[in-house]
Amino acid sequence: MRKNNRNKEKRVIITDIKKMLKDDAPLRIKEAYSLVRAKLLFTAKGEKCPVYVITSSGSDEGKTINSINMAISFAMAGKKTLLIDADLRNPTVHKYFRLSPSPGLSEVLAKIQGKINIVKTEQENLFFLRAGEIPPNPAELLGSAAFGEMLEHLEEKFDCIFIDMPPMGIVADAAVVNGYVTAYILVVRSMETEYNEIQWTVDKFRSFNANLAGFLLNDVGGSGGKYSEYGYYGYYGTT
């Protein structure tokens, strides 16, 4: 059964790699991400380097591919962009870029190494910090002062930062970084995510006074239509 799960994950990653934003992506897809980018720039509150956390209510919502594509969209617009894989429980972003998972974030936060190993991607202006080895205490590391200090250092070097984090409806990792980030983006998969799951997650954000920038509706018309290979990405205002 475990082998089947690994095979399923491998197929999902291969399928999603094809959805990574490229110069030759359909205009509709590029424009949708451009709209998201424009909306997010209004939430930056004049910050030199806004920091956005991308999360979801549950698994399989499409948060990781959307984290990647939003970062690519900002990089395409000339912004020096950093993408951080902070899903220290199930890191997958490195697979999209065909990299090993470490060294990365966990080693820095655990003070195993002092150097922050930033990787330059093939996309101009896009840089990547891998998750690193899976630690026994992800929430403790992410909630530490070391995480805030690292972000403060990186904000001096980049125009914007995107952080892919585990689903809010499953673990509290995304909540513990609230004091260090500009805003959260909640990815919702069309026709699959239950309303009560979304409401529970929104209430969770409100409970710790988080700035929820908005919802990103993923895979609209995914079951068919001209753009079903990529899905469609829309932005639903602020809460």
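**Before starting**

Residues are numbered from 1 along each chain as its sequence is written. Because the model is predicted, local features need pLDDT of at least 70 and side-chain atom pairs count only at pLDDT 80 or more, while totals for chains, interfaces and linings use all residues; side-chain values use heavy atoms, with hydrogens and water left out.

**Whole chain**

Colour by pLDDT, which is the predictor's confidence in each residue, from 0 to 100. The protein has a mean pLDDT of 85, and 85% of its residues reach 70 or more. Select residues 222-239: pLDDT is below 50 there, and the stretch has 48 contacts in the model beyond near neighbours in sequence. Contact means heavy atoms within 4.5 Å.

Switch to cartoon to see 8 helices and 8 strands. These are DSSP runs, numbered from the N terminus: helices are H or I with at least four residues, strands are E with at least two. Of the 239 residues, 54% count as buried. Buried means under 20% relative accessible area, exposed over 50%, and partly exposed in between, using a 1.4 Å probe and protein chains only. Among contacts between residues at least 6 apart in sequence, 77% join residues at least 24 apart.

**The cores**

Select Ile 84, Leu 105, Met 150, Ile 161, Ile 163 and Tyr 184, which touch the most other members of the largest nonpolar core, a set of 41 residues. Helix α7 (residues 145-155) gives the most to this core, with 5 residues. A nonpolar core is a set of buried Ala, Val, Leu, Ile, Met, Phe, Trp, Tyr and Cys residues joined through side-chain atoms within 4.5 Å.

Stay on Tyr 184. Setting aside residues up to four places away in sequence, Tyr 184 touches, among others, Val 53, Phe 205, Phe 208 and Leu 212. A second, separate core has 31 residues, including Val 36, Leu 83, Phe 97 and Val 187.

**Strand β1**

Go to Val 51, in strand β1 (residues 51-56). Val 51 is buried, at 0% relative accessible area. Beyond four places in sequence, its contacts include Leu 151, Ile 161, Ile 163 and Tyr 180. Glu 155 is another contact of Val 51; the two residues are 104 apart in sequence, with their C-alpha atoms 8.2 Å apart.

**Helices α2 and α3**

Select residues 27-41 (α2) and 63-76 (α3): these helices pack at an angle of about 80°, with axes 9 Å apart. Axes are lines fitted to C-alpha atoms, for helices over the stretch in contact, and angles run from 0 to 180 degrees between N-to-C directions. The two helices are therefore roughly perpendicular, a label for angles of 65 to 115 degrees (under 35 is roughly parallel, over 145 roughly antiparallel, the rest oblique).

Show side chains for Tyr 33, Ser 34, Val 36, Arg 37, Leu 40 and Leu 41 of α2, and for Asn 66, Asn 69, Met 70, Ser 73 and Phe 74 of α3; these make the contact. They divide into 6 nonpolar, 4 polar and 1 charged. Here Ala, Val, Leu, Ile, Met, Phe, Trp, Tyr, Cys and Pro count as nonpolar, Asp, Glu, Lys and Arg as charged, and the others, Gly among them, as polar.

**From α4 to α5**

Most residues other than glycine have a negative phi, and most peptide bonds are trans. In the loop between α4 and α5, select Arg 98. Its phi is positive, near 55°, and the residue is exposed at 66% relative accessible area. Further along that loop is Pro 103, joined to Ser 102 by a cis peptide bond with omega about 5°.

Next select Ser 106 in helix α5 (residues 105-109). Ser 106 is buried, at 4% relative accessibility. Outside four places in sequence, Ser 106 is in contact with Leu 88, Ala 131, Gly 132, Glu 133, Pro 135 and Leu 141.

**Last stop**

Finish at Asn 125, in the loop between β3 (118-120) and β4 (126-129). Asn 125 has a positive phi of about 75° and is partly exposed, at 23% relative accessibility.
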